[in-house]
Amino acid sequence: MKKRRNNKRNNKRNNNNKNNNYIVVVLLVLLALTVAAGTFAWVWSRYRMQDEEGREAANMTQDDSFPEETKQPRPEESSSEAASSEQTNSEEASSEETSAAEEMPETDYPEPGYSFQTEELVIELPNLSREYTVAWVSDLHMVTDHETADDILPEDLDAVQARYDFFQTPDGVHGEELLPDVIDFLNYGQYDGIIFGGDLMDYCSASNMKLLRAEFDRLDKNVPVLYIRADHDYGFWYGGDGFTETDAETMHQKRMADGDDLYAKYLDFGEFVILGVNRSTKDMMPEQYSILDTQFANAASENKPVIVATHVPYASRIDDQNEVTLYDRSMEIRNKIYYWGGGDYVPNDVTTNFLDKIYGEDTNVVEVLAGHLHAGWDGKLTEQVRQHIFEPAYLGSIGVIRFVPKGEENE
């Protein structure tokens, strides 16, 4: 009997506990709903407030929301004066923007790490509408081979190393180290055109071509480039019978962007044209002369001045009034005649026909640009035609040619 009473008491206690648990759960649910409702109400009120503020801000940008006096000119200004003032301010702002745009480079190219010597040449041309600036680089004589390769024989490696040691700047920078800075210099200067005047490599090899192609690919694609090759660009001297001049020519045609196309050896700026003479260390082939002859005729028909870019310079045909004649300079630097017109450079009939285009009294050639001598020189070929020979790039020199309207330099 006593045991039955204890069971009833325990059952009653358990029922009370369950009821209490239900009450707690219900209270917690009600509390959660109350908090959620309050939170929703607060968020909704903030959203409505921000929405109204946004609409007010948007309305303030419309003309009819501004006070009338802010839309009208000041009492001391007439409506025409206000319009004139607004136009002036607009023109000034536009002028400032244009000036700022002209000062800012179009592309963000780095400054070259090497401090080059710039050799400036000014060429006056009639009827130019503006000034043009063209860069010249030649005679870098880059060497990148430092071990035996398929196109560098073991027995020639010492000669290659000697060439590498010779061609360097006065402060000891070699061509393979200098070439990236040459490209940076050209990109940073934002020139109207670039002329590579030959002998960029000391000889043609897979290694030299690889670096040359990689750096050429970094050139600003918006700037026209003229690359005239010379004997060292095609040089095949260290590969024996396994690497020939034909192989070198094929490398230039397939690996370089210009394809070494004879028909593309010129820069036409509309108001004047620069004609390039490829492989000028050899007599001119009839095909090349035919191409150049056509280009001369086209320039003459449009009354365009012509500048001839060649690697090997040409002899002067007048009494040279320079303190140092081209002959003297050539003998001083090379100990022989190092230009077309004597020594190893006696022109055949085809080359003579081409030279007559320059020396003739009715020529439209005004200047010849050259390298090859590894020393600078400037003088006259005839009374009408001047010639400038640039310092070599391996000495850290880059030419900068400014084409200016005739008479501008004297004003």
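What percentage of the 411 residues in the protein do buried residues make up? Buried residues make up 40% of the 411, where buried means under 20% relative accessible area, exposed means over 50% and partly exposed lies in between, with a 1.4 Å probe and protein chains only. The model is a predicted one, in which local features need pLDDT of at least 70 and side-chain atom pairs count only at pLDDT 80 or more, while totals for chains, interfaces and linings use all residues. Residues are numbered from 1 along each chain as its sequence is written, and side-chain values use heavy atoms, with hydrogens and water left out.

**Exercise 1. The overall inventory**

Task: state how many helices and strands the protein has, and what share of its contacts between residues at least 6 apart in sequence join residues at least 24 apart.

Solution. Ten helices and eleven strands are present, taken as DSSP runs numbered from the N terminus (H or I with at least four residues for helices, E with at least two for strands). With contact meaning heavy atoms within 4.5 Å, 76% of the contacts between residues at least 6 apart in sequence join residues at least 24 apart.

**Exercise 2. The buried side of helix 8**

Task: describe the span of helix 8, list its buried residues and find what they pack against.

Solution. Begin with the span: helix 8 (residues 286-301) has 16 residues and reaches 22 Å from its first C-alpha to its last, close to the 22 Å expected at 1.5 Å a residue, the expected span being 1.5 Å times one less than the number of residues.

Next, the buried residues of helix 8 are Q288, Y289, I291, L292, Q295, F296 and A299. They lie on the same side of helix 8 because they cover an arc of only 160 degrees around the axis, the arc being that of the directions from the helix axis to the C-beta atoms. An α-helix has 3.6 residues a turn, so residues three or four places apart point the same way. The face turned away from the buried side of helix 8 carries the exposed residues P286 and S301.

Finally, the buried residues of helix 8 pack against strand 5 (266-268), strand 6 (273-276), strand 7 (306-309), helix 10 (349-359) and strand 8 (365-370). After helix 8 comes N303, whose phi is positive, near 55 degrees.

**Exercise 3. Helix 8 against helix 10**

Task: work out how helix 8 and helix 10 are oriented to each other, and name residues through which they meet.

Solution. The axes of the two helices, helix 8 and helix 10, come within 10 Å and cross at roughly 15 degrees; axes are lines fitted to C-alpha atoms, for helices over the stretch in contact, and angles run from 0 to 180 degrees between N-to-C directions. Helix 8 and helix 10 are therefore roughly parallel to each other, since angles under 35 degrees count as roughly parallel, over 145 as roughly antiparallel, 65 to 115 as roughly perpendicular and the rest as oblique. Their crossing is left-handed, the term for a near helix turned anticlockwise from the far one by less than a right angle, whereas right-handed applies if it is turned clockwise.

At the residue level, P286, Y289, L292, D293 and F296 in helix 8 meet V350, N353, F354 and K357 in helix 10. Within helix 10, the buried residues are T351, F354, L355, I358 and Y359. They cover an arc of only 140 degrees around the axis, which puts them on the same side of helix 10, and the buried residues of helix 10 pack against helix 8, strand 7 and strand 8.

**Exercise 4. Helices 5, 6 and 7**

Task: determine the handedness of the crossing of helix 5 and helix 6, and of the crossing of helix 6 and helix 7.

Solution. The axes of helix 5 and helix 6 come within 10 Å and cross at roughly 15 degrees. That makes helix 5 roughly parallel to helix 6, and their crossing is right-handed. Here E176, L179, P180 and I183 in helix 5 meet L211, L212 and E215 in helix 6.

For the second pair, the axes of helix 6 (residues 206-216) and helix 7 (residues 245-255) come within 11 Å and cross at roughly 20 degrees. The crossing of helix 6 and helix 7 is right-handed. The contact is made by A206, M209 and R213 of helix 6 and M251, H252, K254 and R255 of helix 7.

**Exercise 5. Is S205 buried or exposed?**

Solution. S205 lies in the loop between strand 3 (193-196) and helix 6, and at 0% relative accessibility S205 counts as buried. Leaving aside its neighbours within four places in sequence, S205 is in contact with D145, D151, I152 and M251.
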